[in-house]
Amino acid sequence: KNHHTKKGYLFFNEGLHQEMEKKHRIEMMLKSADYDREFYLVFQPQYRIEDRKMIGLEALLRWQQPETGNISPGDFIPIAEETGQIISIGAWVMDRALEEIKIFNEKHDTNLKMAINVSPVQIQNMDFLSWMEEKLEEKKAHPYWVDIEITEGATIHGDFSMEEIFVGLAKLGISASIDDFGTGYSSLSYIKRYHIDRLKIAKELIDHITEDENSRLIIRAITMMAGGMGLKTIAEGVEETCQLKILEEMGCDEIQGYLWGRPNSMAQVEKENVVIQKV
Ligand code: C2E
Ligand code: CA
Ligand code: CA
């Protein structure tokens, strides 16, 4: 609305200008962030629908910026990806997540999986497979404790193709999930080719499962296709019992969402999940 032209330049409207300033501010704060003091992980349980048992946890990053307060990952992750800082942030996340799952599994004599979000920028800017192998060794963590979540349709331009990454992870014994599935561009052949263990059905679809026939049809197609290919499905962002009922009927394997647990500190997760399944 507030476009002005000065000396032939088109100026941004207020909204866009503020957006850019915010972005710049986050960029500056990220540069000076003391990861160990400002970052922490929260964990959201993942459950198998069949027996309602917890089978894993997703690690989600939180940033408590000393002056600004909490900044949401939705706001700073895309900026960190642009500046390349996601590489050091992602390394920090991997260290903490592996440490936490090791402590958890050894304490409870379980083999729960830690789902860790990995950005395509991380994968394409280093030898991710060798790096993962070294991380597991360094942290004395079992590969089957780890599930790498990569967003659907992620493209990379590194030395390895996405296919090589998934095959490599499988060879290391690490499982992989496609995050936000059903909103992007994956084709069926992409899924088959990629040696993926699990499809994570996007919250955007789950949100409309009760009232929108099309969302239901897409989800049904996904669960059927996954079942036929031997892949597991997990629904994210499940908030209501009626959503769970539909998902259960459709043969979805696992759920994650506010209905059965918000992202929380490990101590809180342990307190709320007194019955922990041995897998
Ligand atoms: P995502 O991977 O799709 O994670 C799911 C998001 O949905 C999380 O938001 C989670 O807190 C939220 N959520 C889970 N259950 C429910 C529910 O029932 N209702 C609602 N309304 N929300 C729910 P969060 O933690 O804000 O993370 C946002 C995004 O930031 C993540 O989306 C992920 O893409 C990214 N992210 C978070 N942590 C990391 C990280 O360590 N590394 C990378 N690369 N990205 C991360
Ligand atoms: Ca995720
Ligand atoms: Ca999502």
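At 37% relative accessibility, R52 counts as partly exposed, because the partly exposed class lies between the buried limit of 20% and the exposed limit of 50%. The model being toured is predicted. Select R52 to begin: the residue sits in the loop between β3 and β4. Its phi is positive, about 60 degrees, although R52 is not a glycine.

Next, select K140, in the loop between α6 and β7 (146-151). Here too phi is positive without a glycine, at about 50 degrees. Is K140 buried or exposed? With a relative accessible area of 52%, K140 is exposed.

F39 belongs to strand β3 (residues 39-48) and W63 to strand β4 (residues 53-65), so the pair ties together parts that are 24 residues apart in sequence. F39 and W63 are both buried.

Y47 is buried, at 8% relative accessible area. W260 is partly exposed, at 25%.

**The aromatic cluster**

Together, Y35, F39, W63, F76 and W92 form one aromatic cluster. The count of aromatic pairs comes to seven.

**α1 against α3**

F76 leads on to the next stop, as it is one of the α3 residues in contact with α1. Select helix α1 (residues 14-31) and helix α3 (residues 73-83): their axes come within 10 Å and cross at roughly 70 degrees. α1 and α3 are therefore roughly perpendicular to each other, because angles of 65 to 115 degrees fall in that class.

Now show the side chains at the crossing. On α1 the contact is made by K22, K23, I26, E27 and L30. On α3 the residues are D75, F76, I79, A80, E82 and T83. The residues of this contact divide into five nonpolar, one polar and five charged.

**α4 against α6**

For the last stop, select helix α4 (residues 86-108) and helix α6 (residues 128-139). How do the axes of α4 and α6 cross? They come within 10 Å and cross at roughly 40 degrees. That angle makes α4 oblique to α6, because angles under 35 degrees would count as roughly parallel. The crossing of α4 past α6 is right-handed.

The contact residues can be picked out helix by helix:

- α4: G90, A91, M94, D95, L98, E99 and K102.
- α6: W131, M132, K135, L136, E138 and K139.

By type, the residues of the α4 contact with α6 divide into six nonpolar, one polar and six charged.

Methods: Residues numbered from 1 in each chain as written. Chains lettered and ligands numbered in written order. Predicted model: local features only at pLDDT ≥ 70, side-chain atom pairs only at ≥ 80, totals over all residues. Heavy atoms only, no water. Axes fitted to C-alpha atoms, helices over the stretch in contact; angles between N-to-C directions. Helix = DSSP H or I, 4+ residues; strand = E, 2+ residues; numbered from the N terminus. Parallel < 35°, antiparallel > 145°, perpendicular 65-115°, else oblique. Left-handed = near helix turned anticlockwise from the far one by under 90°. Contact = heavy atoms within 4.5 Å. Nonpolar A, V, L, I, M, F, W, Y, C, P; charged D, E, K, R; others polar. Phe/Tyr/Trp six-rings, centres within 6.5 Å; stacked < 30°, edge-to-face > 60°. Buried < 20%, exposed > 50% of the residue type's maximum accessible area, 1.4 Å probe, protein only.
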